[in-house]
Structure formats: C-alpha cells, structure tokens
Amino acid sequence: MLDDRKLDVLRAIVEDYVQTQEPVGSKALVDRHRLGVSPATVRNDMAALEEEGFIMQPHTSAGRIPTDKGYRLFVDRLTSVKPLSPAERRAIATFLQGAVDLDDVVHRSVRLLAQLTQQVAIVQYPTLSRSTVRHVEVVTLSPSKLLLVVITSSGRVEQRVVELPGAVDDDVLADLRARLNTAVVGQHLSDAAGRVAALPSMFHPDDVAPVAQIVATFAEAVADDRMADKVAFGGTANLVRFGEDFDTSVRPLLEALEEHVVLLKLLGEATSPSRVTVRIGHEVPHEQLAATSVVATGYGPGDSPIATLGVVGPTRMDYPGSMAAVTAVARYVSQMLADG
C-alpha cells in the first residue's frame, strides 16, 4: 500500500503526463504542484513508485510516465468524479432534448461524448431483448387493414400493417387492444409473445382468425430485433492528437471501429447505469488494443440498463473528465427514455 504522499506524487505524474504528453521529471512536479516536500523527496518517491511498477522511464535521461498499473491505482483512488460545469450540463440537456427519434438520440449522444471527452465515442443501440413494452396500439386503416404499433421502453416504435380477410368490428378491436396492453405492458419483449398466445381463444369463434393474425403479427414485431449488435461511433478525428502513437494506439483502434462485435466487447462489462466501468490497457478484452482504455456505463430507464455507451482512447486520457462526461450523457439519455 502506498502512503498518501506517494499517491499525491503518482496523481501529479498522471495529470501532468495526460496534459503535456511528455515524461514527467521531479523538478516539474515540484514546480507545478504543491506537494509540500523537497525535490529530493519527490525523487525518492518516484523511485519507489517505479520499483513497485506504477511508473516507468520510457528511455534513459527521461522523466517518468504512468504504467497501466499506475493508471489503475489513480482511477481506483479517485475520491470524486470531476463534475461538469452548469454550462456543460445545460448544453447536454439542450442538445439531447432536440432529438426527434431513437436514431437521433444515439447519434447526438455520440457527437456529445466525442466533443466533451476528445476521445472516440461509442453508443450501443438499445436491443429489444432488454426492453419492455410501453404501449400497444391497433389503428384501423381500412375495414380490412390495420396498423399495429408497439412502443418500447427504449423509445423504439415497431409498426406492422396487418391485412385481414374481412372487416373486424370496432368493439372487437377495442377489446383486443385492452387485452394486449394488460398482458404485455411492463413485460420484457422476450416474454411478450408468450403472454398473448392464448388471447384468440378468448374471442367469439367468428373473430378468432383475425385476432390470431393480429396476435401473430405482434409476436413477429417483438421478435424482430434489427438493432441487435448495432453501435454508432464518432470522434475518430480526435485520434489525430495521438499521431505519434499511431502504430501502437491509433491504427489498432481504427481497425477495431470497423468491427461492431469488438466494440460491443469493449462496452460489454458496463452493466449498471449507476456505475462507470474503466478498463485500462491490458484489461481491455482485445489484445491489439492493449494501449487503449475504455470508460463505459449502462443506460436506460430504471435500474436495468438496456444498452451501453462510452469512450475509448489511448491510456493517457483524462479519466476524471471522461468518467464525468460518460456518466452525465448516460443519465440524460436514460431520463429521456424514461419520460418517453
């Protein structure tokens, strides 16, 4: 265990290296930070940190840079995440509130995260398997044609046109609409089809066939997850800032952005809307991305996330700032989905 003074030295090294992208020497630490000790003491502390693997010397006669182990301790010992300014929070709320549909929400979230963090932002689309039914509507288009509308907790709207062999009485449709909503509202879509399978048997024999057709269309709609394994990303231009690390950090990340399965793995452990997951360097579940870090969290209405979002970039990222931005954007998106 490191004492508080060595933790302060490590924190100062991380902050300076993230800001300057240059190895940090003891004199620079003393000049820029109020550590309350002499340069000789700082050098001794740096030697101890290096011996324990928290910092390293990239080449002879250079200062020190954090290792993955050093970044991990820095993140684990963060007492609080740097709060966003009131202006930043207002900007997030205003920008996201202008969204017109779920696609717009996802793409606006990507642009926001990339702008706030100066990293590559990734947002997973909500999948139907994690969503619940918010409302089912049956709309008459003509005597023998209906529009079935399924609205989910993720903001998705699934629509299906149902062609019927003949006209269906309005009272029958009203009864079916009520029974559908009673059976499935608040239920996961993966369970919804099973909960309506018996509905046709509750109607008059003359109405069983059209009701069965509508119920079958509903089951098809909740099973058709076209958004599964789909992600949006943005901010690749931010990687220009890390050009000197192109082969180790940038090139592998650019290649990974073409593989949505890899991106989903990067976000995969973020399973709680109330907790940020930070994976650093070799903790990232993709060998070629061992020089990058991922900051991610879940989002969605209530306590159960329906998808994940986050940022990925070189290990020398601004962790407190990235964690704050990811948390804030996830919170606003979750609230928008909860409000419908």
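Predicted model: local features only at pLDDT ≥ 70, side-chain atom pairs only at ≥ 80, totals over all residues.
Helices here are DSSP runs of type H or I with at least four residues, numbered from the N terminus.

**Salt bridges**

R72 and D76 form a salt bridge, with their closest N and O atoms 2.9 Å apart. The total count comes to 15 salt bridges, and three of them are listed here.

| Pair | N to O distance |
|---|---|
| R5 and D45 | 2.7 Å |
| K27 and D31 | 2.9 Å |
| R72 and D76 | 2.9 Å |

The R5 and D45 pair spans two helices: R5 belongs to helix α1 (residues 4-20) and D45 to helix α3 (residues 39-51), so the bridge ties together parts that are 40 residues apart in sequence. R5 is partly exposed, with a relative accessible area of 35%, whereas D45 is buried at 2%. Through shared partners, salt bridges also join D3, R5, K6 and D45 into one network.

K27 and D31 sit 4 residues apart in helix α2 (residues 26-32), a separation of about one helical turn. K27 is exposed, at 60% relative accessible area, and D31 is exposed too, at 53%.

**Aromatic rings**

The count comes to 1 aromatic pair. The ring centres of Y71 and Y319 are 5.5 Å apart and their planes are at 50 degrees, so the pair is tilted. Y71 lies in helix α4 (residues 68-76) and Y319 in helix α12 (residues 319-339), so this pair ties together parts that are 248 residues apart in sequence. Both Y71 and Y319 are buried.

Two arginines meet aromatic faces as well. R108 lies over the face of F95, at 5.0 Å from the ring centre, and the charged end of R179 sits over the ring of F203, 5.6 Å from its centre.

S109, in helix α6 (residues 102-117), is buried with a relative accessible area of 1%. Leaving out residues up to four places away in sequence, S109 touches L96, V123, V329 and V333.

Q124 is found in strand β3 (residues 120-124) and counts as buried at 7% relative accessibility. With the sequence neighbours up to four places away left out, its contacts include R130, K230, Y299 and T308.

Notes
Residues numbered from 1 in each chain as written. Heavy atoms only, no water. Phe/Tyr/Trp six-rings, centres within 6.5 Å; stacked < 30°, edge-to-face > 60°. Buried < 20%, exposed > 50% of the residue type's maximum accessible area, 1.4 Å probe, protein only. Lys NZ or Arg CZ within 6 Å of the ring centre and 35° of its normal. Contact = heavy atoms within 4.5 Å. Salt bridge = Lys/Arg side-chain N within 4 Å of Asp/Glu carboxyl O.
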